[in-house]
Every structure is written in C-alpha cells, then in structure tokens.
Amino acid sequence: MTDMTVSSPAVPRKRRSNWQLLMANRLAAAGLFLFGTIVVLAVLAPVLPLPNPDITDQPNRLLPPLAGGHLLGTDHLGRDILSRLIWGTQVSLIVGICATALAALFGSLIGLVAGYARGATDSILMRLVDMLMAFPYILLAIAIVAALGPGLLNALYAIAIVNIPFFARNIRGVTISIRNREFVDAARLSGKGHVAILFSEVLPNVLPVIVITMSTTVGWMILETAGLSFLGLGAQPPTSDLGSMLGQARAQLFTAPHASIIPGVMIFILVMSINLLGDGVRDVLDPRLRSGALNRPLAVTRVDRAAPPPATMANAPVLVVDNLCTGFSDGGHVAPAVRSVSFQLDRGQCLGLIGESGSGKSVTALSLMGLVASPPGVITGGGVYIDGADVLAAREQTLIGLRGNKVSYVFQDPLTTLHPLYRVGEQIAEAVTAHAAVGRRAAMARAVELMETVGIRDAAERARAYPHELSGGQRQRIGIAMALANDPDIIVADEPTTALDVTVQKRILDLLQDLRRDRGLALLLITHDFGVVAQVCDRVAVMKDGAIVEQGDTRDVLRAPRHDYTKRLIACVPEMGEGATFLDRVRPLFAEGRA
Amino acid sequence: MGSYIAKRVLAAIPVILGLSIIVFLVMKLIPGDPAQALLGSYATPDNVARINRALGLDRSWPEQYFIWVGNLLQGDFGRSYILNRPVLDEVLERFGATLILAGASLVICSVLGILAGTASAVRQFGWTDRIVTFFVLIGISMPAFWLGLLFILLFAVQWRLLPASGMYAVYGGGDLLDLLRHLILPAGTLAIVATGVVARLTRAAMLEVLRQDFVRTARAKGLDERAVIWRHAFRAALVSVIPVLGIQAGFVLGGAVYIETVFQWPGLGQMLVKAVSTRDLLLVQGGVLVAATVYVLVNLLADVAQATLDPRLKA
C-alpha cells in the first residue's frame with residue numbers, strides 16, 4: 001500500500017469545533033440563515049400584523065400581488081395570501097418535523113434493538129422493515145391514508161411510517177459495528193443490563209447517525225406531506241398547509257397563476273434551506289469527507305518544483321532519480337514524504353529500496369511515473385531521468401506514453417490491483433493495445449503467450465478467469481505478465497511478494513530474477529524485508545523518514561552496515577536455527593530507540 | 001447465471017407475500033364496521049350480522065387473509081362499487097399508462113443522472129461539478145407537483161409548445177408522435193428529482209472507485225485518461241449505481257401519483273387519488289398491490305443486471 005505522510009514539524013493548529021466548521025461552509029451557513037428566518041416568521045405568525053388568514057372577501061378575490069393592500073394578493077376566496085402563506089408554513093413545518101421525529105424515534109428504536117440483539121430478533125425486525133421498503137414509497141403512504149381517511153394527522157402518520165425503514169437500516173448498521181467494541185464489553189462485564197447498555201453506551205455513539213439521517217430526511221418529509229395535502233389527502237379545510245394552498249389554487253392556474261406559484265416557491269425555499277443545512281451537518285459529522293479522502297486523483301501527480309533541474313542529462317544510465325522530493329498537500333501546507341532521494345539504475349541491475357512502512361519507499365516508486373494520488377500528492381523538487389530525459393518536465397501525454405511501455409509496475413496486492421470485473425486475459429491484452437497498434441485477437445494471443453512466460457499452466461483457459469477465481473500467486477503472475485506486455489526497460493516492483501506465503505514468494509522472486517537476466521531489465525524492488533534484498537538485489541538503498549540513509553552494494557551493506565537503522569533491519573531477518581537467540585541478538589540494537 | 005436468477009426469483013416470493021400481508025393489515029386499520037358503513041342508517045343488528053357473514057368478516061383474520069389471497073391468485077381482486085366493474089380490469093387498464101410515464105422517466109433519470117454524476121466526479125471542484133451540484137440541489141428540493149404546474153404555465157400556456165394534459169389529443173391524435181408530445185412534460189417533471197438522486201450517488205460512487213488500487217493499475221499500464229475513466233472506473237461504479245436505479249423505479253411509480261394528477265394522465269396514480277377520496281378501498285388495495293409487485297420485479301431485474309456486470313456476485 002502507499003506509504004503515508006512522514007511526520008514533519010507539525011504546524012500547531014487549533015481543532016475547530018463542529019459549529020465553527022459548519023459556519024465555515026458558506027452554503028450550510030446560508031441554509032441555516034434561510035431556515036432560521038422561515039422558522040422565526042412561522043413562530044411569530046400570531047403576533048405579526050397579518051390579516052386573519054381565514055376571512056373570505058369575495059369581491060376582492062384573486063387580486064394580483066401588491067393590489068388592494070395585499071402584498072402577495074388574494075386567493076380564490078379573497079383571503080390574504082401572505083397571511084395564509086406564513087400560517088401555512090407553520091403547519092407544514094410542524095407536520096414535517098413531527099413526522100421526522102416519529103420516524104426517527106421508532107426507526108432508531110428498531111435499529112438499535114435489531115443491531116444489538118442480532119439473531120432471531122434482528123431477522124424478524126429487519127424482514128418487517130424490508131417489507132415496508134418493498135413498496136413504492138408514496139403508494140404505501142396513500143394506502144395508509146386511504147384506510148385511516150384523509151386528514152393532516154393521518155398524512156403525518158403515513159409519512160412517518162414509510163420513513164421508518166431508512167432510520168432502522170442506518171441505525172442498525174452503526175449499532176452492529178458498536179456492539180462488539182471494548183467499552184460495550186466492559187459495561188457488560190460490569191453487570192449492566194441490556195437496556196442500560198443500549199441507552200447509556202450504544203445510543204450516545206449512534207446519535208450522530210440519527211442526527212445525520214434526520215437532517216437529510218426532514219426536507220423530504222415536508223415535501224411529501226405537502227404532496228399529500230396537494231392531492232387533497234392531507235390538511236382539510238379550514239386547516240391549510242403549503243401543499244393544500246397549492247392544491248386549491250390549481251383550479252385557477254390560468255387566471256391567477258400567482259396563487260399557485262407563491263406557495264410552491266415557499267416549499268422550495270424551505271426544503272432547499274434544509275437540504276443545504278443537512279449536507280453541511282453531514283459533512284461536519286462524517287470524518288471521511290473532512291479529510292479530503294474522497295478527492296478525485298488526477299491522471300498525473302501534480303509537479304510544482306521551485307527550481308526545476310536541467311531537462312536532460314548526458315551519459316546517464318537508464319534510470320536516474322536526482323534529489324526527488326514528494327509531499328502531500330492539505331491546501332496550503334505540504335507535508336514532505338520523500339526528501340531529496342537520489343539513486344541510479346542501469347540495465348540488468350537490481351536495486352532494492354528498503355525501509356519500514358511509512359518510510360516513503362512506495363511514494364518514491366510511484367513518483368517516478370507520476371502515479372502518486374494527487375490531490376493530495378505533489379512533487380516538489382528534483383528530477384526523474386529516463387534515458388537521460390527528465391520525465392517530470394515532459395508533457396502529460398508523453399509521461400502516460402512511457403507508463404507500461406518503458407517503465408512498468410508490479411503492485412503489492414493483486415486482488416485489489418487487478419480490475420475485479422474484467423477477465424485477466426483482457427487486462428493483459430489491454431496493456432498490449434495501450435501502446436501497440438495490434439488487433440484484439442493478436443493482443444489476446446500475446447496475453448496468453450505472456451501468461452505462459454510467467455509460468456501459468458493452461459494459460460489459454462486461465463486467461464478467461466476473473467481475478468477472484470485465481471490464487472494469490474497466480475494473480476501476482478498476472479500482474480507480472482501485464483508489466484512485461486511491452487518489453488519495458490524498467491520494472492518497478494512495489495512489495496510484489498508481501499501478500500503471498502513464503503513458498504510462493506520464493507517462486508515469484510525467482511521469476512523476477514530470470515526475467516531480469518534474460519531480458520536485461522532494470523529492476524527496482526521495493527520491500528521491507530532484507531531477506532528479499534539479499535536474495536535478489538545487486539545494490540540496496542535504505543530509506544527512513546523519507547530519506548535514503550545508506551546506499552551501496554548489497555554485499556557491503558550486509559557485511560558492514562554503517563547506519564543503526566540498517567543494522568536493525570538486517571537483524572530482523574530470522575536465520576535458521578537461531579530462534580532461541582534471536583531476541584538476544586536483536587534487543588541491543590533497539591535499546592536506544594526505546595530510551 | 002440461470003441458478004442465480006432462480007435464486008433471486010425464489011427470494012422475491014416471500015417479499016410479495018409480505019406485501020400482501022401489509023396491504024391486508026392496512027385495510028384492517030379502517031376505523032368502524034364496514035357492514036355498518038355499507039348499510040348506513042338502515043343498519044339493524046340482524047342485517048349487520050348478515051352482511052358480515054356474506055363478506056366473510058365473521059371469520060378470524062388469518063382465515064380472511066387466506067381466502068383473500070386465494071381470490072387474488074384467481075385474478076379476483078373484488079369489485080369497485082363506485083365504478084361498478086372488476087378492480088383488476090380497471091387497475092390493469094390504468095397501469096399501462098403509468099408504465100409508459102414511469103418507464104420514460106426512469107430512462108431519462110438513469111441516462112441524465114449517470115452522465116451528470118460521472119462528469120461531476122471527473123471534474124471534481126471544477127465548473128461542471130459546481131453546475132451539476134447546483135442543479136441537483138434544486139432538483140431534489142423542488143416539489144414535483146409545483147414544477148409540473150410551472151411547466152404547464154411556460155410550455156403550454158405561454159409558449160404553446162406542448163399539450164398541458166392528457167395522453168392523446170382529443171381530435172386527430174392517437175399515434176406514437178402524439179403520445180410522445182404528451183409524454184414530454186409529465187415524464188420530464190417526474191424525472192427531475194430522480195435525476196438529482198442518481199447524479200448524486202453516481203458522483204459519490206465514481207469518486208470512491210477512482211481512488212481504488214485497480215484504477216492506479218490502469219494508469220500504470222499507460223492507458224489514456226478517457227480509458228481509465230470510462231473503461232475502468234465507470235464500469236466499476238456502474239455496479240453500485242444499478243441498485244439505485246431499482247430504487248428510483250419505486251420513486252417514479254409513486255411520484256406518478258402527483259404528476260398524473262397535475263397533467264391529467266389517465267394512469268394508476270390518478271385512479272388511486274380518486275379512489276381514496278371516494279373511499280373505494282378495494283380499488284386502492286388492488287392498485288397498490290399491483291404497483292408494489294411490479295416494483296419488486298423491477299428490483300429483481302436490477303439484481304440480475306448487477307450480477308451480469310459483476311462476476312463476483314454470481315458465485
């Protein structure tokens with residue numbers, strides 16, 4: 001996996017409270033302002049200087065806005081629209097919020113009990129919830145209203161009932177993930193009863209999810225109750241909400257469109273303000289969105305070098321990495337992950353890049369072809385010379401043209417690195433056609449040939465398999481076959497054997513060795529295992545905290561490591577028959593680290 | 001594949017049974033004594049008991065349920081006493097119109113929503129993304145029945161481009177072109193909210209997939225960005241978008257109730273609203289059951305479509 005940021009002298013930054021985060025989101029703040037204004041108006045309806053919303057005035061019916069002292073005009077019975085609008089908003093808000101509260105109460109209760117109890121209780125409750133969800137949403141509400149009879153309260157119940165499943169499902173999911181956590185076990189061991197645990201331990205942790213679900217559904221429920229009223233199934237005269245205003249005005253749509261348009265605008269603004277606010281609340285409470293972990297990576301890592309090095313290098317070996325610096329940006333600040341790394345590699349050679357996870361070796365490897373996910377990744381300095389030309393200075397298309405052609409990659413875990421939905425043969429063939437103008441059939445034939453090269457038996461038949469149908473070792477051979485598709489000069493193998501068991505690991509390493517010898521490949525091998533380095537590499541570079549601390553011939557480094565960190569890595573390779581003395585040998589090397 | 005489909009079909013049977021139980025129970029919620037209601041002020045205890053026996057209401061609930069289901073299976077959904085014709089005839093006649101409307105909206109929302117969501121994810125934080133996000137917000141906040149009225153005012157009254165109501169022109173219409181002209185406004189209105197939802201979820205799915213390791217592999221192969229996005233990321237995101245489309249099918253089937261009322265579309269929704277206000281409960285019951293069953297079948301199709309795209313699900 002990609003090694004993540006190395007700690008840098010942290011810029012002390014105050015963690016902002018949820019409230020501050022919400023207000024920093026301009027859209028959410030605007031939503032809150034709009035919603036707040038509407039709520040205040042609706043609450044103040046009794047004290048505002050408004051005419052009685054129910055007084056009819058036949059001579060002044062259907063007045064347009066601003067006529068006869070009616071700011072928004074009058075409806076088909078001559079009633080003041082502004083006054084009816086504000087009173088109607090009050091009704092719609094109360095009904096929407098009550099429906100949300102009811103759905104949240106019962107839905108959460110079902111979810112909590114089902115998720116905590118599991119077993120038969122869970123199955124029965126969730127099957128019932130599934131049944132409710134099997135109805136087209138609004139039709140069930142209509143059936144319920146049909147049975148209970150039209151009316152605002154019945155519409156409220158109907159909308160609440162059809163929304164119970166959303167809460168039940170969401171809350172159940174979170175409850176399941178919490179019920180086995182240590183603090184719940186601790187409460188259980190301390191003799192607390194199930195009900196007490198559910199309400200004092202589980203509920204507080206589930207609360208954010210309930211709040212998110214409420215804030216994202218309340219707008220929806222206001223829309224739906226307004227809809228039922230619009231159809232004449234909700235609010236009945238003389239009570240009137242925004243939906244029934246709209247429904248009654250519809251008969252005069254052509255003669256007095258304002259009477260229909262105005263209540264609709266109000267519903268729209270109300271629901272939009274709630275949606276804006278709801279999205280803001282979700283963003284604040286969902287840590288994944290805050291960390292920017294859902295940014296779309298660009299085709300090529302962003303390069304932002306203060307002082308670009310010369311674009312070409314004379315008499316250079318096939319790969320030269322010169323003072324490469326890569327970091328992760330969080331907007332303004334860049335946390336460095338690779339600091340001034342330099343190494344060279346020639347045809348037929350193998351360089352091992354070794355270090356613990358987080359040392360920056362994977363980021364180094366991915367930087368060569370601009371494959372570090374960006375944002376947040378950014379290359380801040382240095383050069384990568386392939387055949388003497390700096391690829392970081394090249395155009396995007398040029399760099400993409402080198403990938404898989406001149407320089408190819410073998411990644412760590414082939415189950416996640418192969419596409420799960422395509423047959424492995426197609427995936428290899430695709431690597432061929434990406435760079436060579438050959439037909440589909442020729443590419444497939446080449447793919448089968450490559451699979452034979454990497455030692456897959458019955459290649460023609462196995463080519464039709466999906467990645468999940470193969471073993472780990474076979475999948476990694478597919479990864480290698482894909483890397484060989486265009487006879488590259490350089491192969492970067494990023495922990496190619498880490499996900500495999502020891503015997504398979506040996507065979508994969510032998511395969512890489514043979515290929516290097518037969519084809520004169522330059523091999524950059526990323527690993528954390530000095531045993532692998534000793535077996536395969538001519539030279540080794542040791543990385544720690546984003547920098548290379550020691551570099552040299554493998555034999556020299558193994559015989560006389562100069563850096564303490566190197567000594568520790570070497571000591572971590574177990575040898576045959578030394579199990580009893582292993583810890584004695586290793587302990588002194590780590591003494592200073594612990595002090 | 002065949003055994004997978006068989007498994008899904010078998011799993012749908014208890015769901016449809018469950019639907020019938022819920023509809024049955026909802027009808028039992030009705031306050032008051034049906035016999036009393038039927039007889040009105042002429043009710044004598046003798047007559048009430050006689051009617052109850054005739055309607056089978058003196059039996060236990062489970063007995064009543066099984067008799068009812070038995071009748072349903074023979075195609076007997078009861079008789080609408082308002083329309084004075086068999087419920088099933090009326091429901092099926094209306095349902096065709098609803099299927100045309102809901103089907104058209106489903107196609108519109110799938111195509112537009114998936115394209116907009118993908119474009120929005122690919123150009124994350126760019127102008128495309130902002131515009132799509134803006135329209136999605138408006139779409140999901142808009143009461144569809146109101147939007148329908150606005151469209152009528154604009155397209156039918158103001159510009160006289162499209163008809164405001166009905167399914168066919170009263171004079172001289174009746175061909176496919178006429179149907180399409182009548183379909184544009186209602187189907188477009190009905191699709192707006194669903195398009196917003198699909199676009200939103202497609203965007204999220206694409207962003208999720210674009211960070212996966214196999215997309216990095218596609219890049220490492222040297223594929224150009226178009227192939228990376230469409231052949232690799234999009235294909236994988238589609239697998240998680242398909243169930244969303246299944247859910248939207250339920251949404252447009254339900255939302256059709258509003259749209260049919262606004263546009264006078266002679267479908268099931270309009271029938272249901274009338275039936276609720278005339279308390280024609282058997283008609284409501286039959287209409288809801290048929291629509292819900294079709295919804296279950298559409299979701300079954302979505303499951304099968306998902307499995308054809310994702311070989312891992314067939315196992």
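**Chain A: overall form and helix α16**

Q: In this predicted model, what percentage of the contacts in chain A between residues at least 6 apart in sequence join residues at least 24 apart?
A: A contact here requires C-beta atoms within 7 Å. Among such contacts in chain A between residues at least 6 apart in sequence, those joining residues at least 24 apart make up 69%.

Q: What radius of gyration does chain A have, against that of a compact globule of 595 residues?
A: The C-alpha atoms of chain A fill a box of roughly 100 × 60 × 55 Å along the principal axes. For a compact globule of 595 residues, a radius of gyration near 25 Å would apply, but that of chain A is 34 Å.

Q: How many Å separate the centres of domain 1 and domain 2 of chain A?
A: Domain 1 of chain A comprises 27-38 + 82-285, and domain 2 comprises 561-595. Taken over C-alpha atoms, their centres are separated by 61 Å.

Q: Which residues of α16(A) are buried?
A: Helix α16 of chain A covers residues 440-453. A residue counts as buried if 20 or more other C-beta atoms lie within 10 Å of its own. In α16(A), the buried residues are A:A443, A:M444, A:R446, A:A447, A:V448, A:L450 and A:M451.

Q: Which helices are included in what covers the buried residues of α16(A)?
A: Chain A has 23 helices and eleven strands. The cover over the buried residues of α16(A) includes, from chain A, α15 (424-433), α17 (459-462) and α18 (472-484).

Q: Which residue with positive phi follows α16(A)?
A: Helix α16 of chain A has 14 residues and reaches 20 Å from its first C-alpha to its last, close to the expected 20 Å. After α16(A) comes a residue with a positive phi, near 85°, namely A:G455.

Technical notes: Residues are numbered from 1 along each chain as its sequence is written. Chains are lettered from A and ligands numbered from 1 in the order in which they are written. This is a predicted model: local features need pLDDT of at least 70, side-chain atom pairs count only at pLDDT 80 or more; totals for chains, interfaces and linings use all residues. Helices (H or I, at least four residues) and strands (E, at least two) are DSSP runs, numbered from the N terminus. The radius of gyration is taken over C-alpha atoms; the globule rule is 2.2 Å times the number of residues to the power 0.38. Two residues are in contact if their C-beta atoms, placed from the backbone, lie within 7 Å. Domain bounds come from an automatic or database domain assignment. The expected span of a helix is 1.5 Å times one less than its number of residues. A residue is buried if 20 or more other C-beta atoms lie within 10 Å of its own, exposed if 12 or fewer, and partly exposed in between; C-beta atoms are placed from the backbone.
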